[in-house]
Amino acid sequence: MFFFFVGGLEQQVRLVQKSGAGRCIACGSRADLVDYDKVLKVFFVPVWRWPGKAPLMHCSSCHLFFPPSASLPPPPPRMKAEPHGMRCGSCGRPVEPEFSFCPFCGAAL
Ligand SMILES: [Zn+2]
Ligand SMILES: [Zn+2]
């Protein structure tokens with residue numbers, strides 16, 4: 001008897017626990033910490049569904065599930081723009097805007 005099994009195990013998001021909790025290990029997009037169900041499908045019809053044990057990270061961009069321990073840290077808050085301090089026109093070193101003369105080479109600013 002030839003048994004041809006078309007189906008497989010899928011994971012489906014049941015509940016987003018924490019949105020943007022990490023980053024996708026595949027594409028680097030924002031990933032959510034989610035509760036998920038495992039769904040057994042046969043001929044593309046879900047026949048059995050049971051909850052996953054521990055929450056997983058899920059990327060909504062590439063639909064990848066991966067363990068939270070593997071996730072990249074959340075994107076850092078935007079760094080404050082580097083102050084565009086003045087530079088000495090003579091030696092090119094950064095100098096305080098209040099200065100009238102460069103402390104390094106003494107050129108007038
Ligand atoms: Zn991704
Ligand atoms: Zn200088």
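Two strands count as paired if DSSP finds at least two bridges between them. The model shown is predicted.

**Figure 1. Overall build of the predicted protein.** The protein has 7 strands and 0 helices. From the N terminus, the order of elements is β-β-β-β-β-β-β. Buried residues account for 11% of the 109 residues. Take the contacts between residues at least 6 apart in sequence: 41% of them join residues at least 24 apart.

**Figure 2. Close-up of the pairing between strand 2 and strand 3.** Strand 2 covers residues 30-42. Strand 3 covers residues 45-51. The two run antiparallel, joined by 6 bridges. K41 has P46 of strand 3 as its bridge partner. How many of the 7 residues in strand 3 are buried? The count is 0, and strand 3 is hardly covered.

**Figure 3. Close-up of the hairpin turn at F43.** Strand 2 and strand 3 form a hairpin, with 2 residues between them. F43 sits in the loop between these strands. Its phi is near 50 degrees, a positive value in a residue other than glycine. Most residues other than glycine have a negative phi. Is F43 buried or exposed? F43 is exposed, because 9 other C-beta atoms lie within 10 Å, and a residue with 12 or fewer counts as exposed.

Figure 4. H63 belongs to the loop between strand 4 and strand 5. Strand 4 spans 56-59, and strand 5 spans 65-66. H63 is not a glycine, yet its phi is positive, at about 60 degrees. What is the C-beta neighbour count of H63 inside 10 Å? The count is 11, so H63 is exposed. F43 also has a positive phi, of about 50 degrees, in the turn of its hairpin.

Figure 5. G8 lies in strand 1, which covers residues 7-23. G8 counts as exposed, because it has 10 C-beta neighbours inside 10 Å. How far apart are G8 and V39 in sequence and in space? They are separated by 31 residues in sequence. In space, the C-alpha to C-alpha distance between G8 and V39 is 8.2 Å.

Key. Residues numbered from 1 in each chain as written. Chains lettered and ligands numbered in written order. Predicted model: local features only at pLDDT ≥ 70, side-chain atom pairs only at ≥ 80, totals over all residues. Buried ≥ 20, exposed ≤ 12 C-beta atoms within 10 Å, placed from the backbone. Helix = DSSP H or I, 4+ residues; strand = E, 2+ residues; numbered from the N terminus. Contact = placed C-beta atoms within 7 Å.
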